[in-house]
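Trainee: Could you walk me through a protein model, one feature at a time?
Mentor: Gladly; here it is.

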Amino acid sequence: MDDLLRVLNPDQRAAVTAPDGPVLVVAGAGSGKTRVLTTRIAWLLDRGVHPGAVLAFTFTNKAAKEMRGRVDTQVGAGRAPFWIGTFHATCLKLLRADGAALGLNPRFAIYDTDDQKRLLKQVMAAEKIDPKQFPVNVVRTVISRWKNDDTTPEAAAEKAIAHVDEVHATLYAAYERALTRCGALDFDDLILRAVHLLERHDEVRARYAGRFQHVLVDEFQDTNSLQMLLIKALASEHGNLFAVGDDDQSIYGWRGARVENMLEFDQYFPGAHTFRLEQNYRSTGNILAAANAVIANNRRRKGKNLWTESGVGDPLTIEEFLDGDDEAARIVEIVRAECAAGHTRGDVTVLYRTNAQSRLVEDALRRAQIAHQVVGSVQFYERKEVRDTLAYLKLVANPADEISLLRIINVPKRRLGETTVERFLEAAAYADLPPGEFSARTDLLEPAVGLAAAGRLRAFFDLVARWRTEAGTGALSVPELLARIVKDIDYPGWLHTDDPESAESRLENVAELVNAAHAFHEGSDGGTLAQFLEQIALVADADTIQDGEGAVRLMTIHTAKGLEFPVVILAGCEDELLPHVTSSETEAGVEEERRLFYVALTRARQRAYLLHAARRRRFGAHEDCLPSRFLGEIPDPVCTRRELNRGWQPPIAQTLFGSAPRPAPTWVTPSNSPARMLGPRPKPTRPVRQTSEWHDDVAQAAPFYPGQHVSHSSFGSGVVLRVEGVGDDLVVTVDFRDAGHKHIIPRFAPLVGLD
DNA sequence: GATCGATGATTTTTT
DNA sequence: ATCATCGATC
């Protein structure tokens, strides 16, 4: 243990060895926050605290896993495990164990955002509320906010002033009834119900609060009021709360996070000890100076100054591009340069504000044949085929789950159309029976939907009942059940009928899900179906990040929180994007965006590239963009800036003939850029060089043309499909006889024309 | 009840 | 520009 403490700096050591009682550790970016948390746990265990008496909250499952691993290496594995997980996973554990006290359906399903929206649509249709007047997304957000404030539907109705509030409150109440009927909880419910469980059932609260002598919370700045209630309840017996966070990294205000939980820690937990960690072990001096300078512009913060003993390092690179395509081409270039300079592709991470930005970068990397992984976005579990397959499993696990039922009752086609299903569900609700049971009541079913449809419905529910029996008796494991379902419904056949184009790749995704089920089965020593579904419901984007050196990673800044990378490329540093247009109205909004920018900067260990474009496509149309105001807050000595030269344009005629490549953009280094960029600048009025023609020129001048027969050293022979200029490169899409479609860059991979 | 084509919204960030 | 939803038609 002494060894563990010796490697800490005095501040870290003081925090780790803090006496019992409430403790707040204000930990700047890269200040060894995770190390402090893990060492604190190790220190507690070393001092004789029983592992079962320790409860720790992390932001992602991945962080939980890593932290457990690190504690294990510190104190040796093989002890009784301590509790560590996300708020949602931990609350789920409480509810599975003691939810009966709240009268919860013991088989309750977890509804994610998509399920919520579908259910809400149903509810609105039933309540005859026009979704045009009350957008589903808005209603969903309003309800979520109420839940996070611990506001009941009744309280919401009482507080309603305007008509919209009344409608929202009505929908909230109806939505809650629908959730109950479906035997489901949404994400917010997991925490809300856990809080209710502890607040309304004192014997349950006393049991858990008595058991957990030490509660530790990571990323405390991003807890909301509900989570605060939970923490308070769990720490109510012993009062030992160890909270770690950074107010400058609070980036979840939009989903109810309250920095106040941290800023007013003293009031919530009187007598708290506060420790501050300001020495940064992650980034170079220049990166840190830039981050410090930017965040200093925020008014609502406690204020701290990170410092480092490591050298200044390279200056940050700030570059302007014509559009998103040019920016993406430059990212390819940076990756190549960094790899040539000794980094691996896995050392480079591209960050951006919105998921939509990943597309261009992804395309550019794919064309350049650079391995990459997009974290989040349209991730695996959101694909239609995966969701459909999962819906079958969910329906097997929970017969009441109407949303899953609706998803798949006619997929593949069973001649059960909208009208039939509607009549059926209505009649079932009227009879107050779950769909499956109602379908067995021939006397009720046939008059409701007619003889023919009744037969088809019964056939479907017989199938589900069979799966349920087999899964329930343990005759089939989760992966076996999944494979059985896919086979029984001939899902491959259906995918092919539905869309032959994509059938193969969609089938691969289904196969991938079966693989995941196998992995789960082996990893969890034969876990139940419910456990499998829970695990899937609660995976976060960040949990899917693969370790390794092979691939450039692309993710949103939000997803990157808590991570670090040698090289960070921050794309789209433009006003209206970062800060985002929807947050630019209020000071609080801009300050949260500035924290987001700060988080992005402080992810970088060695090098940071901040890129922005002069125009970007939005809804298909080009829009002029100004550089982000945050770029102007970076002091000049720590960065180099290159802006587009908006003066003289090279004559187009020069490149019409011959094989002149697209000219590299010409840059100017502004001499007075920081001063000039501080305030809002007028929109650029001078004409900006058009590039679309240049792309075409490259194609025309190229030695390759569509239809041409070509040969490649490793892919063999094929036919050219498309020739296009991308950035400074020529990209030839070839249909190889053996290798299929590939994007080839002749500059790197020799491609020989055969005719 | 299914299929095709037109229309309109969509992009902020996530457990 | 792309995707989901809606309406008309078979």
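**Reading the model together**

Mentor: Let us start with S225, which sits in helix α12 (residues 225–234). Helices (H or I, at least four residues) and strands (E, at least two) are DSSP runs, numbered from the N terminus. This is a predicted model, in which local features need pLDDT of at least 70 and side-chain atom pairs count only at pLDDT 80 or more, while totals for chains, interfaces and linings use all residues. Residues are numbered from 1 along each chain as its sequence is written, chains are lettered from A and ligands numbered from 1 in the order in which they are written, and side-chain values use heavy atoms, with hydrogens and water left out.

Trainee: Is S225 buried or exposed, or something in between?
Mentor: Buried means under 20% relative accessible area, exposed over 50%, and partly exposed in between (1.4 Å probe, protein chains only). S225 has 23% relative accessibility, so it counts as partly exposed.

Trainee: Which residues does S225 touch, leaving out those up to four places away in sequence?
Mentor: A contact means heavy atoms within 4.5 Å. By that rule S225 touches N148, D149, G256, R258 and N261. Take N261 as an example: S225 and N261 are 36 residues apart in sequence, and their C-alpha atoms are 7.8 Å apart in space.

Trainee: What about the chain as a whole?
Mentor: Chain A has 31 helices and 23 strands, and buried residues make up 52% of its 755 residues. Among contacts in chain A between residues at least 6 apart in sequence, 75% join residues at least 24 apart.

Trainee: How do I read the length of a helix?
Mentor: The expected span is 1.5 Å times one less than the number of residues. Helix α18 (residues 384–397) has 14 residues and reaches 20 Å from its first C-alpha to its last, close to the 20 Å expected. Of those 14 residues, 13 are buried, so α18 is largely enclosed by the rest of the structure.

Trainee: Where is H201, and how does accessibility class it?
Mentor: H201 is in the loop between α10 (187–200) and α11 (202–211). Its relative accessibility is 19%, so H201 counts as buried. Setting aside neighbours within four places in sequence, H201 is in contact with A101, L102 and H196.

Trainee: What is a polar contact?
Mentor: A polar contact is a pair of N or O atoms within 3.5 Å; within protein, one must be able to donate a hydrogen and the other to accept it, and residues adjacent in sequence count only if both atoms are side-chain atoms. Here, a polar atom of the H201 side chain lies 3.3 Å from the backbone oxygen of A101.

Trainee: How many residues surround DNA strand B?
Mentor: A residue is near a strand if one of its heavy atoms lies within 4 Å of it. There are 24 such residues around DNA strand B, and the closest are R353, N355, T419, T420 and A540.

Trainee: What should I look for in the backbone?
Mentor: Most residues other than glycine have a negative phi, and most peptide bonds are trans. E219 has a positive phi of about 50 degrees although it is not a glycine; at 7% relative accessibility, E219 counts as buried. The peptide bond from V411 to P412 is cis, with omega near -5 degrees, and so is the bond from L578 to P579, with omega near 10 degrees.

Trainee: How do I judge the confidence?
Mentor: pLDDT is the predictor's confidence in each residue, from 0 to 100. Chain A has a mean pLDDT of 85, and 88% of its residues reach 70 or more. Over residues 648–663, though, the pLDDT is below 50, and it stays under 50 over residues 671–702. Where pLDDT is low, the predicted coordinates should not be read in detail.
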